Structure formats: C-alpha cells, structure tokens
Amino acid sequence: MLNMLPNFLGANGARNYVLLAQTNSEIRGTGGLIGSAGSFSADNGKIAVGEFHADAEFPSNAALDDVNQDGDGTLYSGLYFGQVIHNLSSTPDFPRVASMAQKFWQAAPFGGSSDGVMSLDPVALQAMIGATGDVTLSDGRVLNGSNTAEFLLNGAYKELTPSAQDQYFSETAAQAVAHLFSDMNTQKLMTVAKTMLRMAEQRHLYFWSFHEEDQAVLRSAGVTGEITNDAKNPVTGVYSNEMQASKMDWYIQRKSTVKRTGDNTYHVTYSFTNTLQPGEAGSLPEYITANAKGGVAVNRVVIYTPAGGEVSNVSASNGSSFAQVQAKDHMTYMDDISLAPQDTVTIEYDVTTAAGSANLKLDQTPTIGDPAITYEY
C-alpha cells in the first residue's frame with residue numbers, strides 16, 4: 001500500500017474519489033443499502049472531503065447500459081438493481097458496484113469524474129473513529145470507537161426522523177474521513193492502514209481504483225471485494241439482500257461452519273437467527289420494521305460456487321428450495337428465507353473443490369458483530 005500512496009495522494013496528478021456510506025441494517029450483498037454518497041479529493045498530498053448527498057438526491061435510471069451485462073438479473077429481481085443508487089450494493093462484487101456508482105455520481109448535478117470508489121459501513125466508521133479520534137456532531141452528540149455502529153445502525157432509527165438520519169449519516173462519514181487523512185504522520189499512517197485492512201478483511205471497507213496500475217496492490221491488500229476466480233484458492237460465498245425495505249438486519253445474527261469431509265470435499269452449515277423478542281416488533285418505529293410485519297425479516301440468500309468447484313445437496317431447515325441461477329463465471333443457488341422473531345433457519349450444502357487446491361474459505365456479506373465462521377479442517 002505504501003507503494004501506491006503517492007498516486008493515491010495525488011503526487012502525479014489530482015485524484016477524485018467517490019465515497020459510499022452503506023448501512024448494514026438493511027442488508028445488501030456488499031454490506032448494506034447505500035444511504036448517502038460523497039467525495040474526497042487528493043492533490044499533491046492535500047486531502048479535501050466534499051459534501052455528502054442522501055440517496056434521494058441522485059437521479060434514477062442513470063443511463064447504466066451495462067447493469068445486467070452478466071445476465072444475472074434474476075438474482076436481483078425486486079431490488080431495482082442499477083435503477084437507484086441505494087441498491088447498487090445488491091451484488092457482492094464490489095468492482096461492479098464501483099463501476100455503477102461512478103456513473104451515478106457523474107450523472108448527478110453535483111457529481112463529476114472519479115478515479116476510484118471507497119465504501120465504508122458504520123462498523124468501519126466506528127473502527128476508524130476509534131483509531132483517529134472521536135467525532136462531535138453539530139448537535140453535540142459524540143460518537144466514539146464503541147458507540148458509533150449501534151447508534152447509526154439502530155439508535156438513529158428510533159430517535160430521529162428520516163431526514164435527520166440522512167444528516168447524521170452524512171456528517172459522521174464526512175468527519176470520520178476528514179479525521180482519517182488529516183495531520184498524517186508515520187505512526188498514524190500505520191494505525192490507519194492496520195484498521196483499514198482489518199475492516200476490509202471482514203468486508204466493512206472497500207476500495208477500488210479505476211487505474212489499472214493501482215489494482216494489483218489493492219487486490220493483494222484485500223480491499224477490492226472481488227468475487228475470486230482462483231480455483232487454486234477456492235472460496236464459496238453466502239450473500240444476503242433484505243427484501244422488505246426494513247432495517248431488521250440489526251437483529252439478524254449469522255454463524256457458519258466449514259468442515260472438511262474428504263481430500264477436496266467440504267460441508268458448509270450456515271444459520272440465520274432473528275434475535276428480536278416476540279412482541280417487541282410492535283414497539284419499534286415503522287421505519288425499522290417497514291414491511292416486516294410482526295418483525296418477520298426476509299433475506300434473499302445467494303450461495304456462490306467456488307471457481308473450479310461444485311456445490312451440491314443444498315438444503316434448508318425451513319424447507320426452502322434453492323434454485324440454480326447462473327452468474328458471471330459462477331453457478332449460484334438462490335432462495336428467499338423468512339425469519340420470524342426468535343426463529344433460526346439453517347442452510348447446509350456440500351462443496352467439491354479442484355484437485356490440489358488449498359483449503360476452502362467462506363466469504364459472506366459482512367456481519368454487524370463477530371463474523372462467526374468456524375473452520376474444521
């Protein structure tokens with residue numbers, strides 16, 4: 001990353017970046033609904049953070065002629081994928097999100113050209129604030145390294161109107177990024193880099209550059225959020241999209257186990273639990289429950305087959321029947337699962353990887369808490 005810093009900081013010409021703020025309370029493939037987007041620029045080492053804009057300020061149907069170029073529209077039916085900026089994150093492939101976000105930003109009256117796209121969710125914001133210092137908002141509220149995620153992902157929806165929520169999200173993201181790059185020295189650089197890499201590993205932070213000379217470095221740092229096609233290092237993915245425009249995913253816990261069963265065979269167990277108490281939904285603001293009547297969340301779950309491998313024997317404890325859907329370079333299995341308060345739904349499937357490959361890894365839409373992946377090799 002040190003090798004690409006001069007380019008990133010505009011030593012060889014000014015750079016402009018789009019910055020996406022995702023909210024995991026309404027889960028999407030790469031993290032969550034994109035609630036707002038802004039920009040920051042770098043020119044000869046000087047970083048400037050621009051104004052953030054709520055998703056409603058962006059145009060719809062922004063001339064994206066390549067939204068479904070991979071023929072996987074079935075995966076995103078009902079999500080208006082590519083038509084509105086807040087659902088661009090429905091795909092777990094972040095370079096694709098970045099490409100579409102660039103077009104939406106350019107189509108907006110306040111936008112322009114961009115050299116790359118960075119994305120942060122409230123978990124990443126909390127980690128960054130913890131590493132670089134508290135954020136004091138315009139009304140005096142102080143967000144720190146332990147209270148930021150809970151407030152932005154749940155408390156704000158209970159306390160604030162939707163317009164005030166947009167202001168909080170935008171203000172928090174802008175200040176956090178400004179703190180991130182201000183008064184930079186070697187010690188702070190190392191702290192920030194470690195924090196960013198840890199957040200990227202769990203898919204809370206992404207960065208994609210449209211300059212090819214940057215991409216190999218970003219890829220090796222693990223911040224690009226790509227769907228890998230490396231059969232020698234196989235990865236199976238389990239990705240989710242909330243289908244009811246609710247903020248219920250704050251209450252959904254996920255845990256998984258990947259168990260080796262043979263030389264190139266594995267068994268994956270993946271469970272979803274709705275932690276909401278029965279009867280609690282009635283006391284929550286409608287903005288949280290929305291269409292999730294009675295606190296029943298609906299997640300569209302998509303299982304990705306690893307490159308060079310196969311997935312078989314997909315089953316779910318609630319009887320869901322997963323259908324095969326072809327995505328770019330990968331076969332996937334998809335179904336919508338309903339989760340009533342205190343319900344658990346467990347999905348299981350077998351994976352066969354290419355001969356001689358490394359141990360299978362599991363990728364997933366980021367969890368709000370512990371990723372909770374157990375490997376039994």
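Figure 1. V142 is found in strand β7, which covers residues 142-143. The model shown here and in the other views is a predicted one. With a relative accessibility of 37%, V142 counts as partly exposed, because that class lies between buried, under 20%, and exposed, over 50%. Leaving aside residues up to four places away in sequence, V142 touches D134, V135, T136 and N147. T172 is 30 residues from V142 along the chain, and the C-alpha atoms of the two are separated by 10.0 Å.

**Figure 2. Packing of helix α3 with helix α5.** Two packed helices are described by the angle between their axes and by the distance between those axes. Helix α3 is made of residues 122-132 and helix α5 of residues 162-181; the angle is about 45° and the axes are 10 Å apart. This angle makes α3 oblique to α5, because angles under 35 degrees count as roughly parallel and those from 65 to 115 as roughly perpendicular. The two helices, α3 and α5, cross in a left-handed sense. On the α3 side, the contact is made by L125, M128, I129 and T132. On the α5 side, T172, A173, A176, H179 and L180 take part. Of the residues in this contact between α3 and α5, six are nonpolar, three are polar and none is charged.

**Figure 3. The open sheet that contains β10 and β18.** Five strands make up this open sheet, in the order β13-β16-β11-β10-β18. The pairing in the sheet is mixed. Its edge strands are β13 (310-316) and β18 (373-376), each of which pairs on one side only. From one strand to the next, the twist averages 15°. Strand β10, residues 252-260, runs parallel to β18 and is joined to β18 by four bridges. Within this part of the view, T257 stands opposite T374 of β18.

**Figure 4. Positive phi at N313 and A372.** Both residues in this view have a positive phi without being glycine. For N313, phi is near 55°. The relative accessible area of N313 is 57%, so N313 is exposed. For A372, phi is about 55°. A372 is located in the loop between β17 (361-364) and β18. The relative accessible area of A372 is 23%, and A372 is therefore partly exposed.

**Figure 5. The open sheet that contains β9 and β17.** This open sheet also has five strands, and their order is β14-β15-β12-β9-β17. Its pairing is mixed. At the edges stand β14 (323-327) and β17. Each of these two has a single partner strand, so one side of each is left without a neighbour in the sheet. On average, and with direction ignored, neighbouring strands of this sheet are turned by 25° against each other. Strand β9, residues 235-242, pairs with β17 in the parallel sense over four bridges. Q364 in β17 is the bridge partner of V238.

Technical notes
Residues numbered from 1 in each chain as written. Predicted model: local features only at pLDDT ≥ 70, side-chain atom pairs only at ≥ 80, totals over all residues. Heavy atoms only, no water. Axes fitted to C-alpha atoms, helices over the stretch in contact; angles between N-to-C directions. Parallel < 35°, antiparallel > 145°, perpendicular 65-115°, else oblique. Left-handed = near helix turned anticlockwise from the far one by under 90°. Contact = heavy atoms within 4.5 Å. Nonpolar A, V, L, I, M, F, W, Y, C, P; charged D, E, K, R; others polar. Pairing = 2+ DSSP bridges. Buried < 20%, exposed > 50% of the residue type's maximum accessible area, 1.4 Å probe, protein only.
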